[in-house]
Amino acid sequence: MLARLAAVALVLAATPLAVSASAPTLDALVGRISMSLGGPNGGAKIVDGAPAIELVFRRTLKDSHSRDEITADHRYVESGERRRLDVRVIEGDGKDSAAVIGDGSWLIVDGAVHEVEPSAVSAQLGEFDPRRLWSVPFALASEGREILQAASLEVEGRHETDAGFAYLLLVGRNEEGEETSRVEVDAETYHPTKVQFLSSSGQVEYRYGDYRRVADGLLVPFVREFHRNGTRISRTEVTRFKLVAPKDEAKLFDRAVTKLAPLPAPKGATSPE
């Protein structure tokens, strides 16, 4: 539901660029966007049907209070009902840790195991679930036609930047003619590259880049940025996304193992700009 609401509220600020009238109709374009992301039977459905998930990424986050940036490597593992999130701080304040839901729920910090409420761990793990990380692309894949048509979007031509990047622009307007929704789509691949919308906390923008095919029907951006009111809040660079259990799965869910091993750092991710 969160992904659908976010996608329906799409709004993206435009930059004055060269415009071409060469663009598909709205009906054709929304279908191409959906299929470029795996279609109704791809995306999140592929993730839901996987026997296990391993997601490794580096995230730089601006602290909401101090406004300082914190960079950390993360590893999210899901196998059946068991889930684990490892965090290794690279720069900024924070401690290395692991939050686990297995035979119970616990937190590993400073080499010690701390029992915690399952609801607290579940909430923390949910924030880094790939279904949430890519909620907007997954929603556009499964319900792209319904979402984009419900937002009353219109195709406003093909645009090209000074660097030669061509994209298609979709814009929605209210009864007063004011822009209420925008989506920017790669004119060659039909992958969404920028999505911006208004929320209770102000203007929100997602930027996506470095799309990679993980499995048949599952293609996701390995670079994701989140901006609010013109300020970048976070940048996520994925280094590994697999739909199989990792080799060290048994150790990850053994509460007797309290040593936190280093995580692989992202490599080769490209800019979403």
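## Rings, strands and cores

F128 is buried, with a relative accessible area of 9%. Buried means under 20% relative accessible area, exposed means over 50%, and partly exposed lies in between (1.4 Å probe, protein chains only). The model is predicted: local features need pLDDT of at least 70, side-chain atom pairs count only at pLDDT 80 or more, and totals for chains, interfaces and linings use all residues. Residues are numbered from 1 along each chain as its sequence is written, and side-chain values use heavy atoms, with hydrogens and water left out.

**The whole chain**

The protein has 273 residues, and 47% of them count as buried. Its secondary structure comes to seven helices and 14 strands. These are DSSP runs numbered from the N terminus (helices: H or I, at least four residues; strands: E, at least two). The accessible surface is about 13,300 Å², and carbon and sulfur atoms hold 49% of it. Such areas come from the Shrake-Rupley method with a 1.4 Å probe; for residues, only the protein chains shown count as cover.

**Aromatic rings**

Rings of Phe, Tyr and Trp (its six-membered ring) pair if their centres lie within 6.5 Å; planes under 30 degrees apart count as stacked, over 60 as edge-to-face, and the rest as tilted. By this rule the protein has seven aromatic pairs. Why is the pair of F57 and F128 stacked? Their ring centres are 6.1 Å apart and their planes are at 25°, so the pair meets the stacked rule. F57 belongs to strand 2 (residues 52-62), while F128 sits in the loop between helix 4 (118-126) and helix 5 (130-133), so the pair ties together parts that are 71 residues apart in sequence. F57 is buried too, at 2% relative accessible area.

W134 and F138 make another pair. Their centres are 6.3 Å apart and their planes are at 65°, so this pair is edge-to-face. Ring pairs also link F197, Y206, Y208 and F226 into a cluster. The charged end of R255 sits over the ring of W106, 4.2 Å from its centre. This needs NZ of Lys or CZ of Arg within 6 Å of the ring centre and within 35 degrees of the ring normal.

The table gives the exposure of some residues in this report.

| Residue | Relative accessibility | Class |
|---|---|---|
| W134 | 0% | buried |
| F138 | 6% | buried |
| D210 | 16% | buried |
| N229 | 47% | partly exposed |

**Strands side by side**

Two strands pair if DSSP finds at least two bridges between them. Strand 2 pairs with strand 14 (residues 231-242) in the antiparallel sense, over eight bridges. Here L61 stands opposite S234 in strand 14. Strand 13 (residues 218-228) also pairs with strand 14 in the antiparallel sense, over six bridges. R224 stands opposite T236 in strand 14. Strand 13 and strand 14 form a hairpin with two residues between them.

N229 lies in the turn of this hairpin and has a positive phi of about 50°. Most residues other than glycine have a negative phi. D210 in strand 12 has a positive phi of about 55° although it is not a glycine.

**Nonpolar cores**

Which residues have the most contacts inside the largest nonpolar core? They are I33, L148, L170, V183 and Y206, in a core of 28 residues. A nonpolar core is a set of buried Ala, Val, Leu, Ile, Met, Phe, Trp, Tyr and Cys residues joined through side-chain atoms within 4.5 Å. Helix 2 (26-36), helix 6 (135-150) and strand 9 (166-173) are among the elements that each supply at least two residues of this core. Helix 6 gives the largest share, six residues. Apart from this core lies another, of 23 residues, among them A50, F57, I101 and F128.

Leaving aside neighbours within four places in sequence, L170 is in contact with residues including L26, L29, I33, V183 and V185. In helix 2, the residues L29, V30, G31, I33, S34 and S36 are buried. The buried residues of helix 2 pack against several elements, among them helix 6, strand 8 (153-160) and strand 9. Just after helix 2, G38 takes a positive phi of about 115°.

Definitions and conventions
Contact means heavy atoms within 4.5 Å.
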